[in-house]
Amino acid sequence: MIETTMRLNKALSWATEQLSESCDRPRYEAELLLAYHIDRDRVYFFTHDDPIDRVDEFKELVYRRASHEPYEYIVGHVSFYDIELTITDGVLIPRPETEILIDETSIIIERHNITKLIEIGVGSGAISIVLARKFPHLEIVATDINPTALELAKENIDNFGLSDRITLLQSNLMDRVKLNAQMVVSNPPYIAKDFQLDANVAEYEPHNALFGGDIGDEILIEIVKETKSRDIDWLVCEMGYNQRESMKRIFDDIGVDGYSFYKDLAKLDRGFVVKF
Ligand SMILES: C[S@@+](CC[C@H](N)C(=O)[O-])C[C@H]1O[C@@H](n2cnc3c(N)ncnc32)[C@H](O)[C@@H]1O
């Protein structure tokens, strides 16, 4: 039976139970959704037990999360690095491991005074926005094949007042890019076609942001070859934990000046830096 009134503590315990099968941390996720619904910080629950407004709307949020819809799509925003971005379904939710890609890229930008950069696969705009904020002299051209991603990236870029420094292009990889860049950065799709993803990813996130081909490294390899053929000095990419050997083979085959791999917080291989 649908209740039309509910106090905070009751709402929390009800939501926790609803989320117990779909979420690893049901109480925590219930708190996040309730905090979002009442537009308060989570600490408010410890000292208050008010009746909540719009109980049906709160229940709808919980049912969506119980069906594995990612929290970020439900609330429409995501924290990434030092910023908060708008996120909508149809666009990949930026991941914490991609913050390491930013740090690896930042080291090269600082050391080699990079001023022109291309991002392939801009998604929500997360990487380009953080880099543009960190490096005020950086000019960026960012591409994507997905018009929904480009629309959202534009909204996020405008919100940070960066539209004069980040140019968006609908393009396969760098096909339409004319910028004479010194560096390319990308978190491309790199998952193998038949890899079993969790329901919240597989059922909700855009597949053309996730799957890189039958093996998974196909787009990564194209990016490496194209960056070399354009005489661009540096490339930094995120990759899958099991792609070190195949990427190493490509670097050795085509010949590069040097390369290194970096790991994520779980100590898994997560990306590479190449100097051509
Ligand atoms: C893993 S997501 C990364 C999004 C964002 N940069 C981030 O890190 O959150 C990969 C992005 O690459 C885009 N993409 C896929 N194939 C592409 C291609 N051939 N050329 C350009 N972009 C592509 C997808 O639409 C998606 O937005």
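This is a predicted model: local features need pLDDT of at least 70, side-chain atom pairs count only at pLDDT 80 or more; totals for chains, interfaces and linings use all residues.
Colleague: Okay, how many helices and strands does the chain have?

Modeller: Helices (H or I, at least four residues) and strands (E, at least two) are DSSP runs, numbered from the N terminus. Going by that, the chain comes to 11 helices and 11 strands.

Colleague: How far apart do the centres of domain 1 and domain 2 lie?

Modeller: The chain splits into domain 1 (8-67) and domain 2 (89-275), with bounds from an automatic or database domain assignment. The C-alpha atoms of the whole chain fill a box of roughly 65 × 40 × 30 Å along the principal axes. Between the two C-alpha centres, the distance is 35 Å.

Colleague: What share of the residues is buried?

Modeller: Buried means under 20% relative accessible area, exposed means over 50%, and partly exposed is in between (1.4 Å probe, protein chains only). Of the 276 residues of the chain, the buried share is 51%.

Colleague: Which residues of α6 are buried?

Modeller: Helix α6 covers residues 98-111, which is 14 residues. From first C-alpha to last, α6 reaches 20 Å, close to the 20 Å expected at 1.5 Å a residue; the expected span is 1.5 Å times one less than the number of residues. Its buried residues are Thr98, Ile100, Leu101, Ile102, Thr105, Ser106, Ile108 and Ile109.

Colleague: Is His68 buried, partly exposed or exposed, and what is its relative accessibility?

Modeller: His68 lies in the loop between α4 (55-66) and α5 (71-75). His68 also has a positive phi, of about 80 degrees, without being a glycine. His68 counts as partly exposed because its relative accessibility is 28%.

Colleague: Why are Glu31 and Arg27 separated by about one helical turn?

Modeller: A salt bridge is a side-chain nitrogen of Lys or Arg within 4 Å of a carboxyl oxygen of Asp or Glu, and Glu31 and Arg27 meet in one (3.0 Å, N to O). Glu31 is buried at 6% relative accessibility, while Arg27 is partly exposed at 40%. The separation is about one turn because, in helix α2 (residues 26-38), the two are 4 residues apart.

Colleague: How far apart in sequence are the parts that Asp214 and Lys193 tie together?

Modeller: Asp214 and Lys193 form a salt bridge, with the closest N and O atoms 3.1 Å apart. Asp214 sits in the loop between β8 (211-213) and α10 (218-229), and Lys193 in the loop between β7 (191-192) and α9 (199-202), so the parts tied together are apart by 21 residues.

Colleague: Last one: which residue joins Arg27 and Glu31 in a network of salt bridges?

Modeller: The structure holds 15 salt bridges. One of its networks links Arg27 and Glu31 with Arg42.

Key. Residues are numbered from 1 along each chain as its sequence is written. Side-chain values use heavy atoms; hydrogens and water are left out.
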